[in-house]
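Here's a quick briefing to read alongside the model. Keep the viewer open as you go.

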Amino acid sequence: MAGAAALATGFYFVAGGRMIACRNIRSLLEQSQNEAALQEALQAVERFRESAECHYLLAKAQRHVGHLNEATEALSRADDLGWDANDLEFERVLTIAQSG
């Protein structure tokens with residue numbers, strides 16, 4: 001039982017860390033602190049490689065700083081990980097529009 005409790009605690013620690021990271025990235029984007037959001041998103045993706053949300057937020061941050069090819073790649077990864085199709089399509093449209 002102790003092993004299960006440790007595993008559950010580890011899961012909640014990781015999930016909580018991911019949620020905090022994503023909240024911070026969203027907050028930075030809302031404040032137009034796009035470079036800081038990008039750095040946070042890059043760190044989040046490194047730490048939470050299988051998080052669709054982290055990859056989605058990375059794409060948003062990359063688009064905001066003008067890294068459109070990288071944003072497209074991050075959107076594809078978020079899609080592979082199961083992020084919401086409507087969110088992805090909206091972000092893809094914004095990326096295409098921004099590219100001219």
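This is a predicted model: local features need pLDDT of at least 70, side-chain atom pairs count only at pLDDT 80 or more; totals for chains, interfaces and linings use all residues.

Residues are numbered from 1 along each chain as its sequence is written, and side-chain values use heavy atoms, with hydrogens and water left out.

**Overall layout**

- The protein chain has five helices and zero strands (DSSP runs, H or I of at least four residues for helices and E of at least two for strands, numbered from the N terminus).
- Reading from the N terminus, the order of elements is α-α-α-α-α.
- Of the 100 residues in the protein chain, 34% are buried (under 20% relative accessible area, with exposed being over 50% and partly exposed in between; 1.4 Å probe, protein chains only).
- Take the contacts between residues at least 6 apart in sequence: 54% of them join residues at least 24 apart (contact means heavy atoms within 4.5 Å).

**How α3 and α5 pack**

- Helix α3 (residues 52-65) packs with helix α5 (residues 85-99) at an angle of about 20°, and their axes are 11 Å apart (axes are lines fitted to C-alpha atoms, for helices over the stretch in contact, with angles from 0 to 180 degrees between N-to-C directions).
- That angle makes α3 roughly parallel to α5 (under 35 degrees; over 145 is roughly antiparallel, 65 to 115 roughly perpendicular and the rest oblique).
- The α3 side brings Y56, A59, K60 and R63, which meet D87, L88, E91, L94, T95 and Q98 in α5.
- By class, this contact of α3 with α5 has four nonpolar, two polar and four charged residues (Ala, Val, Leu, Ile, Met, Phe, Trp, Tyr, Cys and Pro are nonpolar, Asp, Glu, Lys and Arg charged, and the others, Gly among them, polar).

**A59**

- A59 sits in helix α3 and is buried, with a relative accessible area of 0%.
- Leaving aside residues up to four places away in sequence, A59 touches A71, A74, L75 and E91.
- A59 and E70 are eleven residues apart in sequence, and their C-alpha atoms are 7.2 Å apart.

**R63**

- R63 also belongs to helix α3, and R63 counts as buried because its relative accessibility is 10%.
- Not counting residues up to four places away in sequence, R63 touches L68, A71, E91, L94, T95 and Q98.
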